[in-house]
Amino acid sequence: MIPDLRHPAPRHPRAPRRLAVLGSTGSIGTQTLEVAALHPEAVRIVTLTAGRNWKLLAEQAREVRPERVVIADEAAHAPLAEALAGTGIEVLAGEAAIVDVAPEADLVVAAIVGAAGLRPTLAALCAGVDVALATKEALVVAGALVRDACEASGAHVLPIDSEHSALFQCLVGEPPEAVERVVLTASGGPFRDRDPKTFASITPEEALDHPNWSMGARITVDSATMMNKVLEVIEARWLYDLRPEQVGVVVHPQSIVHSVVEFVDGSAKAQIGVPTMKVPIQYALSFPDRWPAPFPRLDWATLGSLDFHAPDESAFPALPLAQEAMRAGGAVPAALNAADEVAVQAFLDGRVRFPDIPRLVEAAMDDARGASGESLDALLDADARARAFVRQRLV
Ligand SMILES: NC(=O)C1=CN([C@@H]2O[C@H](COP(=O)(O)OP(=O)(O)OC[C@H]3O[C@@H](n4cnc5c(N)ncnc54)[C@H](OP(=O)(O)O)[C@@H]3O)[C@@H](O)[C@H]2O)C=CC1
Ligand SMILES: CC(=O)[C@@H](O)[C@H](O)COP(=O)(O)O
Ligand SMILES: [Mn+2]
């Protein structure tokens, strides 16, 4: 799935790589455009896509001048086309159009939030196009299909998620059999030190206030429940072909150590840096090279101490769901993700309380046990069933 890290093939770009940015209006998407703007000799953006935010998409297109833009919301086609009239930029609409255009690039940055990002990611990989992957849900929902697509076409996945980029950077030059286990760091989110007895009164505003990262709403709430780490454990399992028990989690409140690889000889490597997604985004674009960039540096003299401690599964009952989902397999991880997407939105809409999120997800996982995860259709059925399951339980 990932490129050969023992002997990475050097890149000899004769022309800028043609980049498609799926989810360009989001947190990762906008930062990708900023990174790409630093390296016009290496990267040329040919496609931008968004969900509904046609105004920002139009603004980005006027700046970047891609060949095409696609908006998932078909009702937004007319105003987007009007905003870009006379530019020569092709304007398309609909989720199917995003899937169609995804492979029209040398490298796809997959930054659509949620299971909606799965089909375009698979389309690119099936066509042999490498994917720089922020959309962790693609691996959670359909890790085996993503792996099979890579094996069949020769395409690779380059991780953008900060923890997985950290592992990737630690693994360069290492033989796969030298890896004993990996440890994902977790900030612990905004409620790391809050009394769990008060979790039922947590407001959306509190949950959206992440201590270290500025991100989209879904992943920010997932960080607060620590469901983000559940998704990331499953993501790591697929990316690095690990057994469930080889993926651990440690709470590290400062988010400076982005993750750790432990080797069979007792040595360990960590990747360290200021918490900014621009570094992992750029590394996914530059691999196996590193490009100079003005991103913030650590000041070692004033850094102070870095803390680590075991996660508290009684306060954050989502955490054990990672091992449960991986061991259950089939459609259970797809149900986990879908149920969480609906439960997080319901929490943001004031329809369920914060502790209900992991409860609803666990119940939807139980409901999905035994369902097939063999095909994309089976997984999308499980996704739809889990969404309906949670919606039926909303007040
Ligand atoms: N933000 C971060 O720092 C990190 C994010 N990630 C992962 O990256 C992915 C993106 O996260 P983030 O950027 O925070 O999310 P955002 O919510 O900020 O952005 C999501 C993007 O997806 C688009 N989108 C939403 N729904 C659809 C749809 N149905 N069809 C097509 N496009 C859609 C949005 O368009 P619109 O603006 O129009 O709604 C937007 O461009 C997630 O999988 C997340 O887990 C991983 C690590 C860090
Ligand atoms: C930046 C990034 O990769 C996020 O996934 C981040 O890790 C979320 O923080 P938590 O560690 O709180 O989940
Ligand atoms: Mn992460």
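Alanine 110 touches Leu22, Gly117, Pro120, Thr121, Val131, Ala132, Leu133, Ala134, Thr135 and Ala138, leaving aside residues up to four places away in sequence. Touching, or contact, here means that two C-beta atoms, placed from the backbone, lie within 7 Å. This is a predicted model, in which local features need pLDDT of at least 70 and side-chain atom pairs count only at pLDDT 80 or more, while totals for chains, interfaces and linings use all residues. Residues are numbered from 1 along each chain as its sequence is written, and chains are lettered from A and ligands numbered from 1 in the order in which they are written.

Ala110 is among the residues with the most contacts inside the largest nonpolar core, together with Val108, Ala132, Val146, Ala335, Ala339 and Ala343. That core has 126 residues. By nonpolar core I mean buried Ala, Val, Leu, Ile, Met, Phe, Trp, Tyr and Cys residues joined through C-beta atoms within 7 Å. A residue is buried if 20 or more other C-beta atoms lie within 10 Å of its own, exposed if 12 or fewer, and partly exposed in between. Helix H13, residues 332–348, gives the largest share of the core, eleven residues. Helices (H or I, at least four residues) and strands (E, at least two) are DSSP runs, numbered from the N terminus.

I turn now to helix H7. How many residues of H7 are buried? Ten of the ten are, so the helix is largely enclosed by the rest of the structure. Its buried residues pack against strands E7 (157–159), E8 (179–186), E10 (257–263) and E11 (268–272), and against helices H10 and H11 (278–286). Glycine 173, with a positive phi near 90°, follows H7.

Serine 162 lies in H7. Serine 162 is buried because 23 other C-beta atoms lie within 10 Å, and its contacts, beyond four places in sequence, are His258, Met277 and Pro280.

Ser162 and Met277 are also among the residues around ligand 2, where "around" means a C-beta atom within 6 Å. Helices H7, H9 (217–225) and H10 (227–239) each give two or more residues to this shell.

Finally, the UniProt record, an unreviewed entry, lists Ser162 and Glu232 among the residues for "binding site"; such annotations may be inferred rather than shown by experiment. Glutamate 232 lies in H10 and counts as buried, with 27 C-beta neighbours inside 10 Å. Beyond four places in sequence, Glu232 touches Lys136, Asp161, Glu163 and Leu184.
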